[in-house]
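Keep the structure open while you read.

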Amino acid sequence: MALSEPAPHPAQEQIRRTDPGDDAITDAAARAVALRAPLRPAVRVPAPLPPPPRAAELTGPVFGTADVGPLDHDLTRQHRGEPVGERIVVSGRVTDRRGRPVRGQLVELWQANAAGRYAHPLDRHPAPLDPHFTGAGRCLTGDDGRYRFVTVRPGAYPLGGPRDLWRASHLHFSLFGTAFTQRLVTQMYFPGDPLLADDVIWHTVSDTAARARLIGSLDRTLGEPGRSLGYRWDIVLDGPSATWTEGAR
């Protein structure tokens with residue numbers, strides 16, 4: 001394989017198993033997941049032989065309270081003006097398999113704007129950009145393992161192809177553990193979204209129960225009265241009910 005070609009991604013094989021008779025779904029999903037894979041082989045970094053245990057984690061980036069600003073969790077207040085779109089609050093708990101809270105966890109969120117476009121130069125979707133919305137936030141979980149973001153509901157966006165497939169509205173999440181090498185990445189979807197039935201990325205998750213756990217639930221108690229709706233989405237890091245993450249098998 002040439003270096004300019006995307007590396008293969010295991011999700012491509014799962015897509016083919018999910019619906020082998022629909023070339024449009026297979027092709028659209030393959031393009032989507034291939035863009036998420038490295039274009040070049042991994043670069044080896046010289047290290048002492050034998051390397052000390054957990055050397056990469058101990059010498060890699062470390063995150064703490066000093067790295068998170070007071071407005072990082074509120075994507076609607078990061079610019080001078082108000083962003084366009086439906087205001088939402090997304091909150092939940094990060095726990096282990098026994099339901100114990102994971103404290104001080106760095107949680108990142110990134111998303112498309114209300115028109116379905118990312119603030120990224122590679123996004124060629126002709127939907128308008130929002131000068132008052134970057135689409136990225138972060139926060140630390142509290143002692144109860146809870147995180148909270150204020151943002152706008154992201155719009156759907158097209159994948160192209162003969163069937164005019166679109167991605168359902170979704171939020172990207174990442175959790176860093178205690179070091180960059182422990183990072184987990186996943187996505188949250190919205191209840192009742194009719195586009196879920198055709199969302200090719202959501203369908204790469206083969207287990208029905210695991211797919212269902214990627215959908216948040218409407219919780220009016222989390223919203224701000226007269227301003228925003230609230231959605232609850234809990235994240236379980238391990239065990240049989242763990243939240244699906246990219247690269248999970």
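The structure holds seven aromatic pairs. Rings of Phe, Tyr and Trp (its six-membered ring) pair if their centres lie within 6.5 Å; planes under 30 degrees apart count as stacked, over 60 as edge-to-face and the rest as tilted. This is a predicted model: local features need pLDDT of at least 70, side-chain atom pairs count only at pLDDT 80 or more, and totals for chains, interfaces and linings use all residues. Residues are numbered from 1 along each chain as its sequence is written, and side-chain values use heavy atoms, with hydrogens and water left out.

**The Y118–Y157 pair**

- The ring centres of Y118 and Y157 are 5.6 Å apart and the planes are at 70°, so this pair is edge-to-face.
- Y118 lies in the loop between β2 (106–110) and β3 (136–140), and Y157 in strand β5 (residues 157–160), so the pair ties together parts that are 39 residues apart in sequence. Strands (E, at least two residues) are DSSP runs, numbered from the N terminus.
- Y118 is buried, with a relative accessible area of 16%. Buried means under 20% relative accessible area (1.4 Å probe, protein chains only).
- Y157 is buried as well, at 14%.

- Y147 and F149 have ring centres 6.0 Å apart and planes at 50°, so the pair is tilted.
- Y147 counts as buried, at 1% relative accessibility.
- F149 is buried, with a relative accessible area of 0%.
- Ring pairs link Y147, F149, F173 and W233 into a cluster.

**Charges over rings**

- R153 lies over the face of F190, at 4.4 Å from the ring centre. A charge sits over a ring if NZ of Lys or CZ of Arg is within 6 Å of the ring centre and within 35 degrees of the ring normal.
- R211 lies over the face of W202, at 5.2 Å from the ring centre.

**The cavity**

- The count comes to one cavity of 30 Å³ or more. On a 1 Å grid over the protein atoms alone, a cavity is a set of points where a 1.4 Å probe fits but cannot get out; lining residues have an atom within 4 Å of a point.
- The largest cavity has a volume of about 30 Å³, where volume is the space filled by probe spheres set on the points, joined across faces, edges and corners.
- Its lining is L175, L184, T186, I235, V236, L237, T243 and T245.
- β8 (184–189) and β11 (235–236) each supply at least two residues of that lining.

Definitions and conventions
Helices (H or I, at least four residues) and strands (E, at least two) are DSSP runs, numbered from the N terminus. Buried means under 20% relative accessible area, exposed over 50%, partly exposed in between (1.4 Å probe, protein chains only). On a 1 Å grid over the protein atoms alone, a cavity is a set of points where a 1.4 Å probe fits but cannot get out, and a pocket is an open set with protein on both sides within 12 Å along at least five of seven lines; lining residues have an atom within 4 Å of a point.
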